[in-house]
Amino acid sequence: MIVPRALSRRLPSRLTSESLLLGGATLYVAVFCLLPLLRLLAEPLAADTGGGWQMVVRVLGARATTTAFWNTLEAGLASTLLAVVVGGGLAIVVGLTTVRARGLLTFICLIPLLIPAQIAALAWLELAGPNSPLLRLIGLGVATGQRNPLYSAGGVIWLLGLEHAPMVFLAARAGLRALPNDLVEAARMAGARGPRIVLTIVLPLLRPALLAGAALAFVSAIGNFGVSALLGIPGRFPMLTTLIYRRLNGFGPDVLAEVAVLAMILAGLAGAGLLLQAWAWGRQNRHAARDTAALAPLPLGRWRLLVEGGLWLFLGLTALMPLAALTGAALAPALGVATTWDSATLDHFRAVFANPVMLRALTNSFTLATVAGGVGLVVAAPLAYFIVTRRAPLARALNYIADMPYALPGIILSISCILLYLKPLPGLGIGLYNSFWILLVAYLGRFLALSLRPAMAGVAQIDPALEEAARVAGAGPMARFFAIVLPLAAPAAAAGGLLVFLAAFNELTVSALLWSAGHETLGVMVFSLTDEGNSNAAAAVSVIAVLATLAVALAATVFARAARLPKGVLPWQD
Amino acid sequence: MRSLLIAIAAVFGLGLASAQAQSPAPAATTKTDLMLYTSQPQDMLNAMISVFNRSHPEITVHFFRSGTTEVMNKLEAEYAAGAPQPDLLLVANALDLSQMKAKDRLLAYPEAPTAGYDPAIHDPDHRYFATKRITTGIAYNTKLVQDPPKSWKDLLDRRFKGQVIMPSPLYSGAAALHVGTMTASPAFGWAYYEALAENGALAGRGNGSVMEAVASGQSAVGIIVDFMALNAKAKGSPVDFVFPSDGVSVITEPVAILKTARNPAGAKVFIDWLLSAEGQAFAAEQGYLPALPGVAAPKTFPAGFVDPLLISVDPEILIKDDEQTKRTFSDLFGG
């Protein structure tokens, strides 16, 4: 739709409405993302006791800090590499070839997103432990009396890589969707076959998407808490997140200033990752318009069975076995007792449903996830448009600022929110602390980046010629946004909203310090139950959480079909 | 597009409505509400509250539950905000409460029904009261360990290399007191923990993480509170518990009323019940060693159980060294 020049000139609010859009987006980022972090930045210098530059120097020079820094960098880079290989590889095989059951395979690839990191870690510990059926199967079973191999740097890297592979997978899939079929078609007509097409055409074109996914995976890995806490702490592989958590847990608000310095180191690492990503975007050719036919799948021919077999084996071991272990633990009669058909019991599920706290936690998490996803979706599209089409300093700043609450470990954002909202809001006299609202405010800041990335990818894929044409025809920025950008970017933005829902539903680290009596979240409940030595109940809650997530996903699928939403709105739909 | 926007609006509306439905009701605005901050496992807490409500249905008990250090840090933040929430604190060890007492945050309750108790177990100024006795000893996996350790020194044996897990004092109040006690005791000291580290011992998080590791066979041996291991054994987990011959540390899980409590009367009713013979018997039913002499030890405890040897050190030292203990431990075992 192109707004006639006359009409747009008659709109007195053209500039105003644009300012409104940008102003709103800026305000959102400022309030939910920037404000808490500014408050945190002020903390080391504001601290009455032990603050100031001497403290900063002391923290920077401490051996614990250096160790945690290098460990974080190592685990972040290595796990990102793994995530790119796994996520990118799966995306190409599942998204580009003629393997059967692609919808189901895609969904299985995304399973790690549905399982909270701490539960995935627990499930893997059981799989890899002294009595592991999996390791025995492949002849690697450790003798009893030996440490679980996952309590190590390697264990942390392995799990972080698998946990974040879906992020690369989603980015690569989005990139694949944007690839024009013409090029592949041309190559095919010129006689090129599968592997060659992938290597010489698809991969180079996919590089920006892979890099974008990798940056997200890296940033998530260095901010991850569930895995680094459950595998890294016992494995004596401290990372910045666990160092911060343990300092805070052990020493309380007194060390807020020290922790703020550690948080800034982490922010620096995340910032480096984000700069790399920005650089990659800058080099990207703005090739793809989505007006060519969708990519036709590459035929696998006689290799199909082999590829399919390998695919199912890999996904079975990495995505389904942990789920099976989780279910087994939920049905086990007691800790450390094997689940058999005879011993299986539903007692833990009964206990969950008899527990009022648990039911409240389910409701709270669902509400938080829905609102965070919905708001993220509404805010991300205009913000992404602003960031991608305007390369003004403000836009770039907004981009980085929006990333920060997500890049930083959740526990830092929660500390920032405590600092900010502990006292009643000036002038209003309303205290957010110890209420549901502080969780919501934190979630709104935390997950913006998660909805923004896909939205930006969506906006970036729009052929600038379209907008240019509209501009020449006289359409104002608002008209161009609503008529051209929004419809084209909406599927990606919706995918972002969905990612937010999935992440927020199982969120742990932000909630860990912000929840209060009556305002429990699912992630906190799972973590608490595990901590209490009641991991069977934790497993039961997790199974319920996973089932609930699946139910939501199914409902969304039905809705998407009924409303005829375009393909790609739901990540697992082809 | 329009339907999408409507859907979003509906979602937002739903969220707000449901958030509003939950968010008010700050604890203890009426006489019948009580807010408890505690480190007790929540299923045991739910059971305890329902038994309490049989005789006191007029009091609704809300709670915030986490590891002791996290509970105390949350409360610290609430003090900074000027709005401490709980009426009652029920946390692992007396160290935390004596620090609260030192800051003059606890309400004295001289009328508390302490008759029959050893006076030494409660605060002499009636600001906090022991509710049970929890010792820290050694749990082992019965499938992995044929010759169980009998003393703390046994954990330094080469056969347990890399097989010992313990809770972290940075998380657990019981662990903080235990490490403080061991390191302040001349028989052990930091040399013991250095030797443990040398032997590849791991630090988990709370006692629950230790239970998990030992029961599932990830670690053969764990340093842990008695009731957790003995309860798991009773439920059929392949674990057993040893009271080490060279002594155990003990925590009393004290309860206290905050000066800022909104419902001190209700809080007193709750404390009365905890200290009553009925409350103590229920604690034993849950697998806790009662604090009131004469109440039978839990069925989960070994037959003919007699109080084990205690490692005793001056509480003043524990309080003074608390932070340094955590730092040194963290240096030795990571974090």
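**A quick tour of a two-chain model**

About 540 Å³ of space lies in the largest cavity of this predicted model. Cavities and pockets come from a 1 Å grid over the protein atoms alone: a cavity is a set of points where a 1.4 Å probe fits but cannot get out, while a pocket is an open set with protein on both sides within 12 Å along at least five of seven lines. Grid points are joined across faces, edges and corners, and a volume is the space filled by probe spheres set on the points.

Residues are numbered from 1 along each chain as its sequence is written, with chains lettered from A and ligands numbered from 1 in the order in which they are written. Local features need pLDDT of at least 70 and side-chain atom pairs pLDDT 80 or more, while totals for chains, interfaces and linings use all residues; side-chain values use heavy atoms, leaving out hydrogens and water.

**Cavities**

- The largest cavity is lined by 29 residues (lining means an atom within 4 Å of a point), and closest to its centre are A:Ala117, A:Asn224, A:Tyr406, A:Arg446 and A:Ala503.
- Among the elements giving two or more residues to that lining are helices H7 (117–128) and H23 (477–505) of chain A; helices (H or I, at least four residues) and strands (E, at least two) are DSSP runs, numbered from the N terminus.
- That lining splits into 17 nonpolar, nine polar and three charged residues, where Ala, Val, Leu, Ile, Met, Phe, Trp, Tyr, Cys and Pro count as nonpolar, Asp, Glu, Lys and Arg as charged, and the others, Gly among them, as polar.
- The second largest cavity holds about 240 Å³, and B:Ser39, B:Arg65, B:Ser172, B:Asn207 and B:Met228 are the closest to its centre among 24 lining residues.
- Its lining has 10 nonpolar, 10 polar and four charged residues.

**The largest pocket**

- This one holds about 930 Å³.
- Of its 40 lining residues, B:Ala120, B:Ile121, B:Val250, B:Thr252 and B:Leu310 sit closest to the centre.
- H11(B) gives the largest share of the lining, four residues.
- By class, the pocket lining has 26 nonpolar, nine polar and five charged residues.

**Where the chains meet**

- Chain A puts 68 residues into the contact and chain B puts in 67; contact means heavy atoms within 4.5 Å.
- Together the chains bury about 6000 Å², 56% of it on carbon and sulfur atoms; buried area is the accessible area (1.4 Å probe) that two parts lose on being put together, summed over both.
- On the chain A side, A:Arg236, A:Arg246 and A:Glu532 lose the most area, together 12% of what that side buries.

**Chain A overall**

- Chain A has 26 helices and zero strands.
- Of its 574 residues, 62% count as buried, meaning under 20% relative accessible area, with exposed over 50% and partly exposed in between (1.4 Å probe, protein chains only).

**A closer look at chain B**

- Helix H2 (residues 42–55) of chain B reaches 21 Å from first C-alpha to last, close to the 20 Å expected, which is 1.5 Å times one less than its number of residues.
- B:Met44 and B:Met48 are among the buried residues of H2(B), and B:Gln286 touches both of them, not counting residues up to four places away in sequence.
- B:Gln286 lies in the loop between helix H10 (277–285) and S13 of chain B, and it counts as buried because its relative accessibility is 11%.
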